[in-house]
Amino acid sequence: MATLEIHDLHVTVEADNATKEILKGVDLTVKQGETHAIMGPNGSGKSTLAYSLAGHPKYTITGGTVTLDGEDVLEMSVDERARAGLFLAMQYPVEVPGVSVSNFLRTSATAIRGEAPKLRTWVKEVKETMERLQIDPSFAERNVNEGFSGGEKKRHEILQLELLKPKIAILDETDSGLDVDALRIVSEGVNRVRETGEVGTMLITHYTRILRYIKPDFVHVFSAGRIVESGGAELADKLENEGYEAYTKGGVSA
Ligand code: ADP
Ligand code: MG
Ligand code: MG
């Protein structure tokens, strides 16, 4: 079973000619098959954690370690991270002009698996997965994220998740901006992946809403750049009732 281990992670970002520490000692272990909800107020550093794990150049790691099955993730290039089995669905997915969804998916799958998927089974798999996510077939020929609605972007991320079968998936605010129907469809996709038992999921979210559809094994409260409390699904109920105020008192929030 693959294990992602984050230990005492510190990350800075350059903003307005100053270096600002955003992550202040994050500790988290995610195993294949587990679902972890990372919940916290806006600006607490959740996306910074996601980008840092993905290897975004804007974020400087100043301390701590990240390993996947003992391998140093921080030493890996972005491509190597994907091949090692890390997957990131971004809060704000980027457009890839000139690259169609179907090309993008096949190229990604080829890069990650080390060989091109067999065309016949692949085409069938893509078609079936798109149907389950209620994505129109014409979508395959559109350029990645170009002119996609918020809901289409999120479904496209789940399409990638289902087809690329990572070991560890980081889903940053996959629930934001979705109406109830889209939220259900996206959640069902995440649950299908989860039921394989082969993906460990970090579900980053501000709202407890998505947790009505996806029941986390663990809930972590993120505040001012670190995890300040961890518990089971019941912790999400507490957050739903009480909000984050108890964790941000004293002006420690970023
Ligand atoms: P969250 O996802 O929890 O809302 P973020 O990680 O997006 O939090 O942001 C945490 C803090 O780091 C904020 O104060 C934000 O302004 C700052 N920050 C994050 N990324 C950047 C960046 N690329 N440049 C400048 N500041 C950033
Ligand atoms: Mg964010
Ligand atoms: Mg912070």
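Student: Is E234 buried or exposed?

Tutor: Count C-beta atoms within 10 Å; 12 or fewer make a residue exposed. This is a predicted model, so keep that in mind throughout. E234 has 9 other C-beta atoms within 10 Å, so it is exposed.

Student: In which helix is E234 found?

Tutor: Helix α7, residues 234-242.

Student: How far apart are E234 and L171 in space?

Tutor: Take the C-alpha to C-alpha distance: 21 Å. In sequence, E234 and L171 are 63 residues apart.

Student: What phi does D16 have?

Tutor: A positive one, about 50°, although D16 is not a glycine. D16 sits in the loop between β1 and β2.

Student: Is D16 buried or exposed?

Tutor: Exposed, because D16 has 5 C-beta neighbours inside 10 Å.

Student: And what phi does E173 have?

Tutor: About 50°, positive again, and E173 is not a glycine. E173 lies in the loop between β9 (168-172) and α6 (180-195).

Student: Is E173 buried or exposed?

Tutor: Here the cut-off is 20 or more other C-beta atoms within 10 Å for a buried residue. E173 has 21, so it is buried.

Student: What happens just after α3?

Tutor: G114 takes a positive phi of about 85° there. As for α3 itself, this helix covers residues 101-113, which is 13 residues. From its first C-alpha to its last, α3 reaches 18 Å. That is close to the 18 Å expected at 1.5 Å a residue.

Student: On to the ligand. Which residues come nearest to ligand 1?

Tutor: Start with the shell, then pick out its closest members. The shell around ligand 1 has 13 residues, and A15, S44, K46, S47 and T48 come nearest. Elements giving two or more residues to this shell are β1 (3-15) and α1 (46-54).

Student: Which element gives the most to the shell around ligand 1?

Tutor: That is α1, with 3 residues.

Student: Let us step back. How many helices and strands are there in the protein?

Tutor: 8 helices and 12 strands. The radius of gyration is 18 Å, close to the 18 Å that the globule rule gives for 254 residues, so the protein is as compact as a globular protein of that length. Its C-alpha trace spans about 55 × 40 × 40 Å along the principal axes.

Student: What share of the 254 residues counts as buried?

Tutor: 37%.

Student: Last point: how do I read contacts by sequence separation?

Tutor: Take contacts between residues at least 6 apart in sequence, then ask what share joins residues at least 24 apart. In this protein that share is 75%.

Terms used: Residues numbered from 1 in each chain as written. Chains lettered and ligands numbered in written order. Predicted model: local features only at pLDDT ≥ 70, side-chain atom pairs only at ≥ 80, totals over all residues. Near = placed C-beta within 6 Å. Helix = DSSP H or I, 4+ residues; strand = E, 2+ residues; numbered from the N terminus. Rg over C-alpha atoms; globule rule 2.2 N^0.38 Å. Contact = placed C-beta atoms within 7 Å. Expected span 1.5 Å × (residues − 1).
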